[in-house]
Amino acid sequence: MWPNISEAPFLLTGFPGLEATHHWISIPFFAVYVSVLLGNGTLLYLIKYDHILHEPMYYFLAMLAGTDLTVTLTTMPTVMGVLWVNHREVSHAACFLQAYIIHSLSIVESGILLAMAYDRFIAIRTPLRYNSILTNSRMMKIGLGVLLRGFLSLVPPILPLYWFPYCRSHVLSHAFCLHQDVMKLACADITFNRIYPVILVAVTFFLDALIIVFSYVLILKTVLGIASREEQAKPLNTCVSHVSCVLVFYITVIGLTFIHRFGKHAPHVVHITMSYVYFLFPPLMNPIIYSIKTKQIQRSIICLLSPPHTHTQP
């Protein structure tokens, strides 16, 4: 038996050593959270109500925005609670649920980016068959598959956390719960919980990234086969937003992985900051990228912001 098994709640951590400035640190965090909510909320509103955006490409974008919103709403309460009022306690069940949602949605986001690459691949390689291939029923199946893959694949490592005994320090290293953080506090054999996530990352993030790269190699091959430069530019322009979002997502994933694997001597605040970048930067940037690079969304935003009397009557 392990000594001193405790049911005490876990303690979240903000920025160690900077507790006195937490209220100042909370200002940019709150600004980013509000921007994420506004940006992704606006995208969802536009895609729902603007019939011009009722196309597969924008349905996938709506899935991406919905995922980013959910991740933000999952982490925001505990992060702002720690920074604003130093509310650090979190129950075991709430902590495990938060970790489950956060990690599941990371895999969901990777899957959506893969689905968006498939959408661009079909649109450019077989444009005449685009609508017959990406039907509403197929879209729903892809969306459901992406969700199931994300949420079912995280059940095996998260479920054992509920029955692990915890007898070590109950202090977590972030202001939100992560599987790898909680796992280290368990007084049990955590071999499975160490190995499974490595395999899961390999068959999700790594495999998704490889397929996305391969799909863009085929897209480039198709585009380069088009005679005129103008005709080459048109299909490539439709891919710029997606490529930008893929780079933002995978660069933050790689950055976080490198910090955890090779940054053992880096200050603890660097590890914490990189985790926040990973969870906040893609949701902040995705709506901005699509708003800047996609003309249809720009038009929808202009229509939304312009006075009602300027809208054309149906």
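This is a predicted model: local features need pLDDT of at least 70, side-chain atom pairs count only at pLDDT 80 or more; totals for chains, interfaces and linings use all residues.

Residues are numbered from 1 along each chain as its sequence is written, and side-chain values use heavy atoms, with hydrogens and water left out.

**Exercise 1.** Describe the largest pocket and its lining.

*Solution.* Start with the terms: on a 1 Å grid over the protein atoms alone, a pocket is an open set of points with protein on both sides within 12 Å along at least five of seven lines, a cavity is a set where a 1.4 Å probe fits but cannot get out, and lining residues have an atom within 4 Å of a point. Next, the volume, meaning the space filled by probe spheres set on the points, comes to about 1,200 Å³ for the largest pocket. Its lining has 35 residues, with Q180, V201, T257, H260 and R261 nearest the centre. α3 (92–125), α7 (179–183), α8 (191–224), α9 (229–262) and α10 (268–293) each give two or more of them; helices here are DSSP runs of H or I, at least four residues, numbered from the N terminus. The top contributor is α8, with 9 residues.

**Exercise 2.** Which residues line the two cavities of 30 Å³ or more?

*Solution.* Take the largest cavity, at about 100 Å³. Around it sit D68, V71, I102, L105, S106, E109, F249, Y278, F279, P282 and P283. The elements giving two or more residues to this lining are α2, α3 and α10. Now go to the second largest cavity, at about 60 Å³. You'll find M57, M116, D119, R120, T238, S241, H242 and Y290 lining the second largest cavity, and α3 and α9 give two or more residues each.

**Exercise 3.** Find which residues touch the most other members of the largest nonpolar core, then follow L113.

*Solution.* A nonpolar core is a set of buried Ala, Val, Leu, Ile, Met, Phe, Trp, Tyr and Cys residues joined through side-chain atoms within 4.5 Å, with buried meaning under 20% relative accessible area (1.4 Å probe, protein chains only). This core has 84 residues, and F10, F29, L61, L113 and Y166 touch the most other members. Its largest share, 16 residues, comes from α3. Finally, leaving out residues up to four places away in sequence, L113 touches L64, I212, H242, C245, V246, F249 and Y250, where contact means heavy atoms within 4.5 Å.

Technical notes
Buried means under 20% relative accessible area, exposed over 50%, partly exposed in between (1.4 Å probe, protein chains only).
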